[in-house]
Amino acid sequence: MREALVEARKAGAMGEVPVGAILLVNGKIVGRGHNHSIGSWDPTAHAEILALRHAAHSLRNYRMPGSILVVTLEPCVMCAGAMIQARVDEIVYGAADPKAGAICSQFQLADGMPLNHTIEVTAGVLEEECAALLRAFFESRR
């Protein structure tokens with residue numbers, strides 16, 4: 001999670017919502033990403049999507065069995081769907097997203113039903129640190 005927080009801080013420094021993600025295979029980081037939707041004018045440029053893209057290129061495969069995605073904020077529907085398509089085995093996230101979270105908060109897409117893939121979930125890792133980064137970002141804009 002510390003590496004995902006490094007990515008989140010990069011996003012915040014760029015004026016993006018500070019969310020960061022890394023993807024691990026066999027304990028090795030094979031993908032990194034941080035939010036870049038605003039600067040790239042790309043609504044799909046979420047940290048998780050960019051980490052998955054980076055990992056796919058690194059692995060030369062669009063499927064990532066045995067992988068763990070670590071992200072500072074609970075993924076949205078789009079990102080959860082991408083993780084299912086990539087066959088990510090586990091999601092580890094920091095702060096819950098009570099408005100748009102698609103893993104535990106609003107939807108439970110990692111459960112697999114009625115989809116064809118289940119993702120193991122570990123929630124709340126360094127939760128306060130992840131949430132504080134987001135709070136500080138949004139408070140600075142009010």
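Two strands count as paired if DSSP finds at least two bridges between them. By that rule E1 and strand E2 (residues 28–34) are paired, since 6 bridges join these antiparallel strands. The model described here is predicted.

**Strand pairing**

- Within the antiparallel pair of E1 and E2, Ala21 stands opposite Gly33 in E2.
- The hairpin of E1 and E2 has 2 residues between the strands, and Asn26 takes a positive phi near 55° in this hairpin.
- E3 and E4 also pair, in the parallel sense, over 5 bridges.
- Leu69 has Ile91 in E4 as its bridge partner.
- Strand E4 is mostly covered, with 6 of its 6 residues buried.

**The largest nonpolar core**

- The largest nonpolar core contains 35 residues, and Leu23, Leu69, Met83 and Ile91 have the most contacts inside it.
- At least two residues of this core come from each of helix H1 (2–13), strand E1 (20–25), helix H3 (47–59), strand E3 (67–73), helix H4 (77–86), strand E4 (90–95) and helix H5 (127–139).
- Among these elements, E1 gives the most to the core, with 5 residues.
- Leaving aside residues up to four places away in sequence, Met83 touches Leu52, Leu69, Pro75, Val88, Ile91, Ile103 and Ile119.
- In soluble globular proteins, nonpolar side chains tend to be buried together.

**The largest pocket**

- The largest pocket holds about 560 Å³ of space.
- Its lining is made up of 24 residues, of which Val17, Leu73, Asp97, Leu134 and Phe138 are the closest to the centre of the pocket.
- By class, the lining divides into 13 nonpolar, 3 polar and 8 charged residues.
- Helix H2 (37–40) and H5 each supply at least two residues of the lining, and H5 gives the most, with 4 residues.

**Val77**

- Val77 lies in helix H4.
- Val77 counts as partly exposed because its relative accessibility is 42%, which falls between the cut-offs of 20% for buried and 50% for exposed.
- Although Val77 and Ala102 are 25 residues apart along the chain, their C-alpha atoms are separated by 5.1 Å.
- Not counting residues up to four places away in sequence, Val77 touches Ala100, Ala102, Phe107 and Leu109.

Terms used: Residues are numbered from 1 along each chain as its sequence is written. This is a predicted model: local features need pLDDT of at least 70, side-chain atom pairs count only at pLDDT 80 or more; totals for chains, interfaces and linings use all residues. Side-chain values use heavy atoms; hydrogens and water are left out. A nonpolar core is a set of buried Ala, Val, Leu, Ile, Met, Phe, Trp, Tyr and Cys residues joined through side-chain atoms within 4.5 Å. Buried means under 20% relative accessible area, exposed over 50%, partly exposed in between (1.4 Å probe, protein chains only). Contact means heavy atoms within 4.5 Å. On a 1 Å grid over the protein atoms alone, a cavity is a set of points where a 1.4 Å probe fits but cannot get out, and a pocket is an open set with protein on both sides within 12 Å along at least five of seven lines; lining residues have an atom within 4 Å of a point. Grid points are joined across faces, edges and corners, and a volume is the space filled by probe spheres set on the points. Ala, Val, Leu, Ile, Met, Phe, Trp, Tyr, Cys and Pro count as nonpolar, Asp, Glu, Lys and Arg as charged, and the others, Gly among them, as polar.
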